[in-house]
Each structure stands twice: as structure tokens, then as C-alpha cells.
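The stops below are meant to be selected in order.

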Amino acid sequence: MDYVGSIFRPPSEANSLILQIAVGCSHNKCTFCHSFKDKKFYIKDMKTIYADIEEAKQYRGSFDKVFLADGDSLILPTEVLLDIIGRIRKNLPEVKRIGTYANTKAILKKTPEELIQLREAGLGIIYQGIETGNKEVLRRIKKGAFPHKQLETAEKIKAAGMLLSQTVLLGIGGVELSKEHAIDTGKHLSDMSPDFASALTVMIVPGTELHKQMLEGKFELPDKFGLLTELKLMLENMNVKRNCFFTSNHASNYLPIRAQLPEERDKVVAMINEVITTGDERILRPEHMRAL
Ligand code: SF4
């Protein structure tokens with residue numbers, strides 16, 4: 001398989017075949033993101049992609065899902081995506097679901113009809129990093145998207161019949177906007193009602209703009225109990241209208257949670273509250289085991 005640079009995929013795609021159809025992220029401006037800093041965005045040539053699909057036949061039986069990398073493959077022209085997805089379905093008929101990352105711009109560029117075409121072809125799940133529901137935080141982190149536009153994308157994806165998985169970032173508002181970030185993100189997730197929502201914790205990576213801001217004293221990350229308070233506030237403000245599977249089990253987090261919302265929300269909020277009020281760190285992930 002032809003892989004250029006480091007490959008990133010959602011945790012739930014751990015057993016999927018990763019097919020890299022583009023390199024990098026077409027946005028590549030988020031202040032906290034280090035993932036594609038060393039890559040200039042481009043679409044891989046079709047010969048390479050076809051060869052990878054051909055090669056993947058050797059591994060049949062070891063996967064039943066395909067993840068299209070890199071950072072926002074939905075930005076590719078619809079006819080190119082349909083061609084790639086069609087080839088996957090033809091050559092790897094056992095594949096049950098195809099997924100990709102998509103940023104707000106990429107989703108907005110697609111018409112509702114194009115999204116339906118892609119879903120009918122086999123694109124079953126979209127992973128979208130929304131990071132926060134707070135407008136000012138989105139501006140500061142240069143996400144290139146505002147809450148009302150993110151809401152529009154969620155409506156488009158759901159209307160097309162695809163699954164929607166969104167991630168948010170604990171700590172991304174810093175100490176200064178911690179409370180606003182948590183409350184607005186909980187409300188935003190309520191409005192968007194994704195099928196899956198995951199909270200990760202921002203890890204400040206040298207070389208990023210956020211790291212520079214931290215060194216200059218312009219950004220301060222909340223401490224672990226501040227981050228837990230954000231998680232609690234976020235969940236308290238999440239009143240989803242349909243089932244949403246919420247997780248915070250990514251290695252960057254201190255407290256791993258898996259909860260079916262709305263049923264289990266109050267139970268997990270009470271559990272987080274217990275950890276905060278007692279200061280009992282025994283169930284928290286040790287610092288040395290946290291990772292990106
Ligand atoms: S859109 Fe995603 S991949 Fe691209 S820079 Fe932002 S966080 Fe990184």
C-alpha cells in the first residue's frame with residue numbers, strides 16, 4: 001500500500017483498511033493541529049489509488065471497512081470519490097462501510113444530491129472534528145468554521161442518511177474560555193445530534209501555533225480537574241434528541257467514559273462530579289499513559 005507520511009484515522013477505524021486517497025489537509029490552519037503540518041495537500045494519482053485497491057485484495061478477510069485518508073478526503077470532487085468507492089465495492093465486495101474525515105468546508109461544498117449519491121455508493125460515515133461550539137474559540141483556533149455552518153453540515157450529513165461522528169477538544173478554550181467552551185459545546189452537540197460524539201483532550205505539540213501562544217503566555221491549558229469540569233459541564237448541557245454514543249476514551253483524556261445518551265448522561269455526570277469533589281485520582285489515566 002502506498003502511504004505518504006504519518007497516517008491518522010479515528011479509533012473506531014482501527015480494524016479498517018486505510019486507503020490514502022489524498023495527502024494532508026486542504027485547510028491545515030488549525031492552531032492546535034500538528035497532524036499534517038509537514039504535508040502539502042494534494043490528491044493522489046488514480047493509478048496509485050487503483051493499485052492500492054488491487055493490492056488490498058491480498059488482505060481480504062482481515063477487514064470489512066475502509067477508511068479514506070488523509071485529513072479531509074470529502075473535499076475531493078464527487079466524481080473522483082464515486083469512482084474510488086465504486087472500485088472498492090467492485091474489488092472488495094465484502095466491505096460493509098466506507099468512511100472519511102470531512103471538514104465543514106468540504107461538506108458545505110457538496111450538494112444534498114451529491115451526498116446522497118455518495119451514501120448510496122457506500123460512503124457510510126463522516127468523521128468531523130468540530131472542536132468547540134463557541135464562536136470565539138473557533139475564531140481563535142482558526143478552524144475556518146463557525147457554529148451555524150457546522151450545524152448546517154450536520155443537517156446535511158444526516159439528511160443524506162450517513163452516520164455522523166463528531167469530536168470536540170477539552171481544553172481548547174484555555175483557562176480563559178473554559179466554561180464558555182464547555183457549555184456552548186454541549187449545547188452545540190445537542191443541536192447537531194450526531195450518532196457518535198467523542199471528547200479528546202488538547203495536547204500541545206511543539207511546532208504548533210498553540211504551543212507558541214502557550215510559551216508567550218497567551219494560552220493556558222486548564223489543569224486535569226479543570227478539564228474534568230469541562231467534561232461535566234459539556235455533558236450537563238448535552239440534551240440530544242436522538243441516540244448518541246458518547247466517548248472520552250481516547251488516550252489523551254484523563255477519564256475514559258462510554259455512555260449511551262440520553263439515558264446514561266446523569267449517571268456519568270454524577271460519576272465525574274464524584275471524582276472532582278473528592279479529588280480522587282485513582283481512576284484517572286496516569287500522565288505518562290496519555291498520548292495523542
Ligand atoms: S481541519 Fe482537521 S486536519 Fe485540518 S488542520 Fe484542522 S484539525 Fe488539522
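**Salt bridges across the chain**

Select Glu209 and Lys142: the two form a salt bridge, with their closest N and O atoms 2.8 Å apart. The pair ties together distant parts of the chain, 67 residues apart, with Glu209 in helix α8 (residues 209–215) and Lys142 in the loop between α5 (135–140) and α6 (147–159). Colour both by accessibility. Glu209 is partly exposed at a relative accessible area of 31%, and Lys142 is partly exposed at 39%. Bear in mind while looking that this is a predicted model.

Next, select Lys224 and Glu281, a salt bridge whose closest N and O atoms are 3.0 Å apart. This pair also links distant parts of the chain: Lys224 sits in helix α9 (residues 224–236), Glu281 in the segment after α10 (265–278), and 57 residues separate them. Lys224 is partly exposed, with a relative accessible area of 22%; Glu281 is partly exposed too, with 39%.

Then select Glu136, Arg139, Arg140 and Glu176, which salt bridges with shared partners join into one network. In total, the structure holds 20 salt bridges.

**Around the ligand**

Now centre the view on the ligand. Which residues surround the ligand? They are Cys25, Asn28, Lys29, Cys30, Phe32, Cys33, Phe36 and Lys143. By class, this shell divides into 5 nonpolar, 1 polar and 2 charged residues.

From Lys143, step to Glu131: the side chains of these two are joined by a polar contact of 2.7 Å. Glu131 is placed in strand β6 (residues 123–131), and it counts as buried because its relative accessibility is 7%. Show what lies around Glu131. Leaving aside neighbours within four places in sequence, its contacts are Phe32, Ile141, Lys143, Thr167, Val168, Leu169, Ile172 and His181. Phe32 and Lys143 are both on that list, and both are also among the residues around the ligand.

**Strand β1**

Select strand β1 (residues 17–20) and show its side chains. Leu17 and Leu19 point one way, Ile18 and Gln20 point the other way, and all are buried. In a regular strand, side chains alternate between the two faces of the sheet.

**Last stop: helix α6**

Finish at His148, which lies in helix α6. Is His148 buried or exposed? His148 is exposed, with a relative accessible area of 52%. Draw a C-alpha to C-alpha distance from His148 to Lys135: the two are 9.2 Å apart in space and 13 residues apart in sequence.

Note on methods
Residues are numbered from 1 along each chain as its sequence is written. This is a predicted model: local features need pLDDT of at least 70, side-chain atom pairs count only at pLDDT 80 or more; totals for chains, interfaces and linings use all residues. Side-chain values use heavy atoms; hydrogens and water are left out. A residue is near a molecule or strand if one of its heavy atoms lies within 4 Å of it. Ala, Val, Leu, Ile, Met, Phe, Trp, Tyr, Cys and Pro count as nonpolar, Asp, Glu, Lys and Arg as charged, and the others, Gly among them, as polar. Helices (H or I, at least four residues) and strands (E, at least two) are DSSP runs, numbered from the N terminus. Buried means under 20% relative accessible area, exposed over 50%, partly exposed in between (1.4 Å probe, protein chains only). A polar contact is a pair of N or O atoms within 3.5 Å; within protein, one must be able to donate a hydrogen and the other to accept it, and residues adjacent in sequence count only if both atoms are side-chain atoms. Contact means heavy atoms within 4.5 Å. A salt bridge is a side-chain nitrogen of Lys or Arg within 4 Å of a carboxyl oxygen of Asp or Glu.
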